[in-house]
Amino acid sequence: FPVVPPMPTATQAQGNQASGTLTRNIAGVLTVTGTGFVAGAVIVFNGQDLTTTVVDQGTVRANVSAALLPTQGVYSVTVRNPQFSALGGGTATPAIGVTVQNPTPTLSSITPTSVTRGNDASITLTGSNFYDGAVAYLSGASSSTFATVFVNSGSLSLSIPASSLPVAGTYSIAVKNSDPTPGFSGTRTLTVNNPAPVLVSLSVN
């Protein structure tokens, strides 16, 4: 008698990044654990069949191309066993999820690197892996985050009001994409200088 493939179950989906995630627009490896996986089982990722390796009855694995990871969020994952003569097999239910995170941005430079105390500051941030919703953080200022405008994946525009730079000194700027994301970029230094004094009058006694 032929062996009829069982209905599989999927209990956990993990990407190859930290905390078991995948990263937006970066190819990754997805591992699904469960029960009842047989030869020919296929991981279905967000409705897309993936070329799948069956490791054993409890583990299947597949590469996920960058094109299938266009946004951050939670993606649907399930596993489908083949049928034998229209018998057995089927798709694991309910589907489970895997988190796709925004990448850690890279901050390469800021322009200008120095501003004058008492003036509003407009800073251009240059780097990579910036996404809409990214926010710039400024340590040592009276407010940690400021209005950040997404220009493109390599550029942000940061506006800092004069009231947030009350003293001269050095401040660290870093960028963080919207959650979920692993964390902050590296920092770049913004120097706040005192304005040049203005001599209004001179009296000689």
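**Close-up views of a predicted model**

**View 1. The largest nonpolar core.** The largest nonpolar core of this predicted model has 21 residues, and those with the most contacts inside it are Leu30, Val32, Ile43, Phe45, Val77, Val79 and Val98. A nonpolar core here is a set of buried Ala, Val, Leu, Ile, Met, Phe, Trp, Tyr and Cys residues joined through side-chain atoms within 4.5 Å; buried means under 20% relative accessible area, exposed over 50%, and partly exposed in between (1.4 Å probe, protein chains only). At least two residues of this core come from each of β1 (9–15), β3 (28–35), β4 (42–45), β7 (59–64), β8 (73–81) and β10 (96–101). Strands are DSSP runs of E with at least two residues, numbered from the N terminus. Apart from this core lies another, of 20 residues, including Ala121, Phe130, Leu138 and Ile160.

Residues are numbered from 1 along each chain as its sequence is written. In this predicted model, local features need pLDDT of at least 70 and side-chain atom pairs count only at pLDDT 80 or more, while totals for chains, interfaces and linings use all residues; side-chain values use heavy atoms, with hydrogens and water left out.

**View 2. Val98 and its surroundings.** Which residues is Val98 in contact with, leaving aside its neighbours within four places in sequence? Among them are Ala13, Leu22, Leu30, Phe45, Tyr75 and Val77, where contact means heavy atoms within 4.5 Å.

**View 3. Strands around β3.** β1 and β3 run antiparallel and are joined by 6 bridges; strands pair if DSSP finds at least two bridges between them. Here Ala13 has Val32 in β3 as its bridge partner. β3 is also joined to β7 by 6 bridges, again antiparallel, and Leu30 stands opposite Ala62 in β7.

**View 4. Two cis peptide bonds.** Thr93 and Pro94 are joined by a cis peptide bond with omega about -5°, and Pro94 lies in the loop between β9 (90–91) and β10. The bond from Asp179 to Pro180 is also cis, with omega near 0°; Pro180 sits in the loop between β17 (169–176) and β18. Most peptide bonds are trans.

**View 5. Positive phi at two asparagines.** Asn25, in the loop between β2 (22–23) and β3, has a positive phi near 60° and is partly exposed at 38% relative accessibility. Asn46, in the loop between β4 and β5 (48–49), has a positive phi of about 55°.

**View 6. Leu202 after β18.** Leu202 is found in the segment after β18 (188–193) and is exposed, with a relative accessible area of 69%. The C-alpha atoms of Leu202 and Asp120 are separated by 30 Å.

Notes: Helices (H or I, at least four residues) and strands (E, at least two) are DSSP runs, numbered from the N terminus.
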